[in-house]
Amino acid sequence: MNKRKLDKRKVLIAILIVLAFISIIIYNITLDNKIIVCIDAGHGGSDVGAINEDTNRYEKDDNLKVAKQVKEELQKQDIKVVMTRNSDKKVDLRKRCNIANNKHADLFVSIHRNSSDTQADGVEIWVKSRDNEKNKVLANNILENLANQEIQTNRGVKEGTMQGTSSDYYVNENTNMPSCLIELGFISNKTDNKLLDKNTKEYAKAIADGIIQTLEDLDITK
Ligand SMILES: [Zn+2]
(Lines give C-alpha, C1' and ligand atoms only; values in the text may rest on other atoms or scores of the structure.)
Protein backbone atom coordinates (compact mmCIF):
# COMPACT_ATOMS: atom_id res chain seq x y z
CA MET A 1 0.00 0.00 0.00
CA ASN A 2 2.70 2.45 1.01
CA LYS A 3 4.79 1.59 -1.97
CA ARG A 4 1.87 2.27 -4.29
CA LYS A 5 1.31 5.68 -2.73
CA LEU A 6 4.98 6.46 -3.24
CA ASP A 7 4.78 5.38 -6.88
CA LYS A 8 1.76 7.59 -7.47
CA ARG A 9 3.64 10.53 -6.01
CA LYS A 10 6.62 9.80 -8.24
CA VAL A 11 4.39 9.68 -11.31
CA LEU A 12 2.76 12.97 -10.31
CA ILE A 13 6.15 14.66 -9.84
CA ALA A 14 7.30 13.31 -13.19
CA ILE A 15 4.19 14.71 -14.90
CA LEU A 16 4.71 18.10 -13.26
CA ILE A 17 8.33 18.21 -14.42
CA VAL A 18 7.32 17.36 -17.98
CA LEU A 19 4.60 20.04 -17.91
CA ALA A 20 7.12 22.60 -16.65
CA PHE A 21 9.49 21.76 -19.51
CA ILE A 22 6.69 21.98 -22.06
CA SER A 23 5.66 25.42 -20.83
CA ILE A 24 9.27 26.65 -20.98
CA ILE A 25 9.54 25.41 -24.56
CA ILE A 26 6.22 27.03 -25.56
CA TYR A 27 7.31 30.29 -23.87
CA ASN A 28 10.57 30.31 -25.82
CA ILE A 29 8.89 29.53 -29.11
CA THR A 30 6.50 32.46 -28.57
CA LEU A 31 9.43 34.75 -27.83
CA ASP A 32 11.40 33.54 -30.84
CA ASN A 33 8.39 34.07 -33.01
CA LYS A 34 8.64 37.82 -32.82
CA ILE A 35 10.51 39.79 -35.43
CA ILE A 36 13.59 41.34 -33.82
CA VAL A 37 15.09 44.65 -34.89
CA CYS A 38 18.33 45.89 -33.38
CA ILE A 39 18.57 49.66 -32.96
CA ASP A 40 22.06 51.00 -32.39
CA ALA A 41 22.46 54.47 -30.89
CA GLY A 42 25.95 55.46 -32.03
CA HIS A 43 28.68 56.39 -29.51
CA GLY A 44 27.92 56.92 -25.78
CA GLY A 45 29.69 57.64 -22.49
CA SER A 46 33.23 58.96 -22.97
CA ASP A 47 32.84 58.39 -26.72
CA VAL A 48 30.75 61.49 -27.38
CA GLY A 49 30.83 61.32 -31.20
CA ALA A 50 30.74 64.58 -33.14
CA ILE A 51 30.41 67.83 -31.18
CA ASN A 52 28.87 71.20 -31.92
CA GLU A 53 31.07 73.41 -29.78
CA ASP A 54 28.92 76.52 -30.19
CA THR A 55 25.99 74.87 -28.47
CA ASN A 56 27.81 72.13 -26.51
CA ARG A 57 25.79 69.54 -28.34
CA TYR A 58 27.03 65.93 -28.42
CA GLU A 59 26.17 63.46 -31.12
CA LYS A 60 25.79 60.61 -28.60
CA ASP A 61 22.79 62.37 -26.98
CA ASP A 62 20.96 62.99 -30.26
CA ASN A 63 21.54 59.38 -31.34
CA LEU A 64 20.08 57.93 -28.13
CA LYS A 65 17.09 60.27 -28.17
CA VAL A 66 16.14 59.25 -31.71
CA ALA A 67 16.91 55.55 -31.09
CA LYS A 68 14.56 55.45 -28.09
CA GLN A 69 11.73 56.92 -30.14
CA VAL A 70 12.33 54.51 -33.01
CA LYS A 71 12.12 51.71 -30.46
CA GLU A 72 8.78 53.04 -29.22
CA GLU A 73 7.36 53.25 -32.75
CA LEU A 74 8.45 49.69 -33.58
CA GLN A 75 7.08 48.28 -30.34
CA LYS A 76 3.69 49.78 -31.22
CA GLN A 77 3.77 47.41 -34.21
CA ASP A 78 4.53 44.42 -31.97
CA ILE A 79 8.15 44.21 -33.12
CA LYS A 80 10.73 43.20 -30.55
CA VAL A 81 13.51 45.79 -30.30
CA VAL A 82 17.00 45.09 -29.04
CA MET A 83 19.01 48.20 -28.18
CA THR A 84 22.81 48.19 -28.13
CA ARG A 85 22.57 50.81 -25.40
CA ASN A 86 19.68 52.38 -23.47
CA SER A 87 21.68 54.93 -21.56
CA ASP A 88 24.71 57.19 -21.83
CA LYS A 89 27.38 54.50 -21.69
CA LYS A 90 30.28 53.47 -23.86
CA VAL A 91 29.73 50.25 -25.82
CA ASP A 92 32.49 49.12 -28.17
CA LEU A 93 31.67 48.32 -31.77
CA ARG A 94 32.37 44.60 -31.42
CA LYS A 95 29.91 44.31 -28.57
CA ARG A 96 27.24 46.15 -30.57
CA CYS A 97 27.55 43.59 -33.37
CA ASN A 98 27.62 40.69 -30.88
CA ILE A 99 24.37 41.89 -29.32
CA ALA A 100 22.62 41.91 -32.72
CA ASN A 101 24.17 38.63 -33.89
CA ASN A 102 23.58 36.72 -30.65
CA LYS A 103 19.94 37.81 -30.52
CA HIS A 104 19.54 36.81 -34.19
CA ALA A 105 18.08 40.20 -35.04
CA ASP A 106 16.34 40.36 -38.42
CA LEU A 107 17.52 43.91 -39.19
CA PHE A 108 20.14 46.27 -37.74
CA VAL A 109 19.89 50.05 -37.91
CA SER A 110 22.60 52.31 -36.55
CA ILE A 111 21.78 55.95 -35.80
CA HIS A 112 24.43 58.66 -36.06
CA ARG A 113 24.82 62.34 -36.87
CA ASN A 114 27.22 63.83 -39.35
CA SER A 115 29.72 66.66 -38.95
CA SER A 116 31.65 68.87 -41.33
CA ASP A 117 33.83 71.99 -41.36
CA THR A 118 31.95 73.18 -44.42
CA GLN A 119 28.30 74.16 -44.47
CA ALA A 120 27.20 70.64 -45.46
CA ASP A 121 23.68 69.62 -44.49
CA GLY A 122 21.14 66.83 -44.91
CA VAL A 123 20.60 63.14 -44.40
CA GLU A 124 22.52 60.17 -45.85
CA ILE A 125 22.55 56.43 -45.20
CA TRP A 126 25.53 54.08 -45.49
CA VAL A 127 25.51 50.40 -46.41
CA LYS A 128 28.35 47.92 -46.87
CA SER A 129 29.85 47.80 -50.34
CA ARG A 130 29.42 44.10 -51.20
CA ASP A 131 26.51 41.63 -51.01
CA ASN A 132 24.35 44.57 -50.14
CA GLU A 133 21.08 44.12 -52.01
CA LYS A 134 18.97 43.67 -48.89
CA ASN A 135 20.91 46.38 -47.12
CA LYS A 136 20.08 48.79 -49.93
CA VAL A 137 16.37 47.93 -49.70
CA LEU A 138 16.52 48.81 -45.99
CA ALA A 139 18.47 52.04 -46.55
CA ASN A 140 16.33 53.18 -49.47
CA ASN A 141 13.09 52.56 -47.59
CA ILE A 142 14.28 54.54 -44.58
CA LEU A 143 15.68 57.39 -46.66
CA GLU A 144 12.54 57.62 -48.78
CA ASN A 145 10.48 58.08 -45.62
CA LEU A 146 12.92 60.58 -44.14
CA ALA A 147 12.96 62.59 -47.38
CA ASN A 148 9.19 63.01 -47.02
CA GLN A 149 9.84 64.80 -43.73
CA GLU A 150 11.23 68.27 -43.26
CA ILE A 151 14.94 67.80 -44.12
CA GLN A 152 17.37 70.10 -45.92
CA THR A 153 19.06 67.73 -48.37
CA ASN A 154 18.65 64.11 -49.39
CA ARG A 155 22.29 63.06 -49.78
CA GLY A 156 21.40 59.55 -50.87
CA VAL A 157 22.31 55.99 -49.99
CA LYS A 158 26.09 55.47 -50.08
CA GLU A 159 28.30 52.38 -50.12
CA GLY A 160 31.46 51.74 -48.09
CA THR A 161 32.77 54.68 -46.08
CA MET A 162 33.76 58.27 -46.73
CA GLN A 163 37.16 56.87 -47.73
CA GLY A 164 35.62 54.83 -50.53
CA THR A 165 34.30 51.35 -51.18
CA SER A 166 37.39 49.38 -50.16
CA SER A 167 36.18 49.30 -46.56
CA ASP A 168 32.87 49.41 -44.68
CA TYR A 169 31.73 50.89 -41.41
CA TYR A 170 32.40 48.34 -38.68
CA VAL A 171 28.78 47.70 -37.74
CA ASN A 172 27.76 47.32 -41.38
CA GLU A 173 30.57 44.86 -41.99
CA ASN A 174 30.23 42.75 -38.84
CA THR A 175 26.50 42.26 -38.41
CA ASN A 176 25.01 39.08 -39.90
CA MET A 177 21.69 40.63 -40.93
CA PRO A 178 20.78 43.43 -43.38
CA SER A 179 22.06 46.65 -41.83
CA CYS A 180 22.53 50.33 -42.49
CA LEU A 181 23.97 53.40 -40.77
CA ILE A 182 21.92 56.60 -40.81
CA GLU A 183 23.61 59.99 -40.63
CA LEU A 184 20.63 62.00 -39.44
CA GLY A 185 21.72 65.50 -40.46
CA PHE A 186 24.85 67.45 -39.52
CA ILE A 187 25.41 68.37 -35.89
CA SER A 188 27.65 71.12 -37.29
CA ASN A 189 24.68 72.66 -39.12
CA LYS A 190 22.36 74.96 -37.21
CA THR A 191 19.33 74.33 -39.42
CA ASP A 192 19.79 70.53 -39.39
CA ASN A 193 19.82 70.66 -35.58
CA LYS A 194 16.75 72.87 -35.49
CA LEU A 195 14.91 70.50 -37.83
CA LEU A 196 15.88 67.46 -35.77
CA ASP A 197 14.70 69.08 -32.55
CA LYS A 198 11.42 70.09 -34.12
CA ASN A 199 10.81 66.77 -35.91
CA THR A 200 12.38 64.13 -33.66
CA LYS A 201 9.16 62.16 -33.45
CA GLU A 202 8.49 62.46 -37.19
CA TYR A 203 12.04 61.36 -38.04
CA ALA A 204 11.75 58.39 -35.65
CA LYS A 205 8.42 57.41 -37.15
CA ALA A 206 9.88 57.69 -40.68
CA ILE A 207 12.78 55.39 -39.71
CA ALA A 208 10.38 52.88 -38.11
CA ASP A 209 8.09 52.97 -41.18
CA GLY A 210 11.10 52.30 -43.42
CA ILE A 211 12.04 49.32 -41.27
CA ILE A 212 8.49 47.93 -41.35
CA GLN A 213 8.32 48.38 -45.14
CA THR A 214 11.60 46.45 -45.40
CA LEU A 215 10.26 43.52 -43.36
CA GLU A 216 7.48 43.33 -45.93
CA ASP A 217 9.75 43.76 -48.98
CA LEU A 218 12.23 41.14 -47.77
CA ASP A 219 9.44 38.80 -46.72
CA ILE A 220 10.60 38.66 -43.13
CA THR A 221 7.65 37.17 -41.26
CA LYS A 222 7.36 35.05 -38.16
ZN1 LIG B 1 28.75 58.94 -35.26
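Axes here are lines fitted to C-alpha atoms, for helices over the stretch in contact, and angles between them run from 0 to 180 degrees between N-to-C directions. Keep in mind that the model is predicted.

**Stop 1: H2 and H6**

Select residues 59-76, helix H2, and residues 190-217, helix H6. Their axes come within 8 Å and cross at roughly 50°. That makes H2 oblique to H6. The crossing of H2 and H6 is right-handed.

Now show side chains at the contact. From H2, pick Asp62, Lys65, Val66, Gln69, Val70, Glu73 and Leu74. Facing them in H6 are Leu196, Thr200, Lys201, Tyr203, Ala204, Lys205, Ile207, Ala208 and Ile211. Colour this H2–H6 contact by class: 9 residues are nonpolar, 2 polar and 5 charged.

**Stop 2: H4 and H6**

On the H4 side, select Val137, Leu138, Asn141, Ile142, Glu144, Asn145 and Leu146. They meet Tyr203, Ala206, Ile207, Asp209, Gly210, Ile211, Gln213, Thr214 and Asp217 in H6. The H4–H6 contact holds 8 nonpolar, 5 polar and 3 charged residues. Look again at Tyr203, Ile207 and Ile211: these H6 residues meet H2 and also meet H4.

**Stop 3: the sheet**

Which order do the 6 strands of the open sheet follow? Read across: S4-S1-S5-S8-S6-S7, with mixed pairing. S4 (80-83) and S7 (154-159) are the edge strands; each has a single partner strand, so one side of each is left without a neighbour in the sheet. From one strand to the next, the twist averages 20°.

Zoom in on S6 (residues 123-127) and S8 (residues 179-186). This pair is antiparallel, with 4 bridges.

**Stop 4**

Bring back H3, residues 93-102. H3 packs on the sheet and touches S1 (36-41), S4 and S5 (107-114). The direction of H3 makes about 170° with that of S1.

**Stop 5: the whole chain**

Zoom out and colour by domain. The domain assignment gives domain 1 as 1-33 and domain 2 as 35-217. How many Å apart do the C-alpha centres of domain 1 and domain 2 lie? The separation is 46 Å.

Definitions and conventions:
Residues numbered from 1 in each chain as written. Predicted model: local features only at pLDDT ≥ 70, side-chain atom pairs only at ≥ 80, totals over all residues. Helix = DSSP H or I, 4+ residues; strand = E, 2+ residues; numbered from the N terminus. Parallel < 35°, antiparallel > 145°, perpendicular 65-115°, else oblique. Left-handed = near helix turned anticlockwise from the far one by under 90°. Contact = placed C-beta atoms within 7 Å. Nonpolar A, V, L, I, M, F, W, Y, C, P; charged D, E, K, R; others polar. Pairing = 2+ DSSP bridges. Domains from an automatic or database assignment.
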